[in-house]
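Work through the exercises below with the sequence and the 3D structure open. Try each task before reading its solution.

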Amino acid sequence: MSRLAERYGPWAVVTGASAGIGAEFARRIAEWGVNVVLIARRRNRLEELASTIEDMYRVEARVAPVDLGSRDVVEALQPVLGDIEVGLLVNCAGYGSSGPFLDMDPSVQESMLNVNCRASLLLTHEIVQGMRERGRGGVIFVSSVNGFCASRGMAHYNATKAYDLVFAEGLAEELRPYGVDVQALCPGGTLTEFQRVAGLDTRNFGPFARLIFATPTSVVATSLRTLGHRVTVIPGFLNKLMVLTMKLLPRRVSTWIFGSLMARFATEH
Ligand SMILES: NC(=O)c1ccc[n+]([C@@H]2O[C@H](COP(=O)([O-])OP(=O)(O)OC[C@H]3O[C@@H](n4cnc5c(N)ncnc54)[C@H](OP(=O)(O)O)[C@@H]3O)[C@@H](O)[C@H]2O)c1
């Protein structure tokens, strides 16, 4: 039995598994011999990944095409979660949007709050009860370097990521005595579908893009390697340096700098 399966148990739940960082989490966790439940909206993507995972890693993969922005998230997932022992939960589903907050559709922003924050809160409350009883488990919240700093143009997205970060750090303290490892994973720019959905364009960084943007592979490798050893995980030297700089500067200055960076990133630039 692998380290992950032994330490956490036979099943993992990964939200946002149809693309990007979540899909990579699902592959890497399955590679360690842990069965996976794949959650996102796009059924075809989930089924394709489940079939690849079952063929390659000889584990079971269940799919749950569910909109995590909906009211009845926990009820909708009961059929796939009811009969399994979940030892690892990866709260990865999420999206961003860029532009002036008052020009945004409030219903899209409300849905973002539901997916980025409310769904993680409800799934964690539901699933981690069993981990606490068994005295073992792991929970990863995919926050962002954006969670450390406010910025114009991504005011609400950054607030949702700050929620994930602070929630995870508090829970880590609460659950440590019960043998449950909690991690706040804070990637910087990572090449996924995120940029297209958020209205950001990596080409605005020209040749520097390759230096600035990570791959889901490296982000997930850092996360799984450090789970149980570190709570707040910022993959990449440049991202660590940026967060440290933001912490040292007066908040108003860091907000201005981060906003300028985000403005450079916006599609209309
Ligand atoms: N990429 C970056 O630069 C970056 C940096 C820092 C943090 N992050 C965080 O990393 C996480 C994963 O993002 P990513 O970069 O992998 O982006 P991505 O490639 O766009 O993947 C986002 C995932 O979230 C799922 N999702 C979105 N809305 C959903 C909904 N209403 N219900 C269920 N699932 C939903 C998507 O699936 P469906 O569309 O099929 O529903 C997809 O699987 C996010 O929380 C993001 O905030 C990303």
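## Exercise 1: helix α2

Solution. The expected span is 1.5 Å times one less than the number of residues. Helices (H or I, at least four residues) and strands (E, at least two) are DSSP runs, numbered from the N terminus.

The model is a predicted one, in which local features need pLDDT of at least 70, side-chain atom pairs count only at pLDDT 80 or more, and totals for chains, interfaces and linings use all residues. Residue numbers start from 1 along each chain as its sequence is written.

Step 1: count neighbours. A residue is buried if 20 or more other C-beta atoms, placed from the backbone, lie within 10 Å of its own, exposed if 12 or fewer, and partly exposed in between.

Step 2: look past the end of the helix. Just after α2, G33 has a positive phi of about 85°.

## Exercise 2: the shell around the ligand

Task: find which element gives the most residues to the shell around the ligand.

Solution. Step 1: list the closest residues. The shell has 29 residues (C-beta atom, placed from the backbone, within 6 Å of the molecule). Of these, G16, G20, R41, R42 and G94 come nearest.

Step 1: assign elements. Two or more residues come from each of α2 (20-31) and α7 (194-198). The most come from α2, with three residues.

Step 2: sort by type. The shell holds 13 nonpolar, 11 polar and five charged residues. Here Ala, Val, Leu, Ile, Met, Phe, Trp, Tyr, Cys and Pro count as nonpolar, Asp, Glu, Lys and Arg as charged, and the others, Gly among them, as polar.

## Exercise 3: helix α3

Task: work out where the buried residues of α3 lie around its axis.

Solution. Step 1: α3 (residues 43-57) has 15 residues and reaches 21 Å from first C-alpha to last, close to the expected 21 Å.

Step 1: its buried residues are L46, L49, A50 and I53. Seen down the axis of α3, they fall within an arc of 105° (taken from the directions from the helix axis to the C-beta atoms), so they line one face of the helix. An α-helix has 3.6 residues a turn, so residues three or four places apart point the same way.

Step 2: on the other side of α3, N44, S51, D55 and M56 are exposed. The cover over the buried residues includes α2, β2 (35-40) and β3 (61-65); contact requires C-beta atoms, placed from the backbone, within 7 Å.

## Exercise 4: two single residues

Solution. Step 1: R58 is found in the loop between α3 and β3. R58 has a positive phi of about 55° although it is not a glycine.

Step 1: D181 lies in strand β6 (residues 180-185). Leaving out residues up to four places away in sequence, D181 touches G138, L227 and G228.

Technical notes: Contact = placed C-beta atoms within 7 Å.
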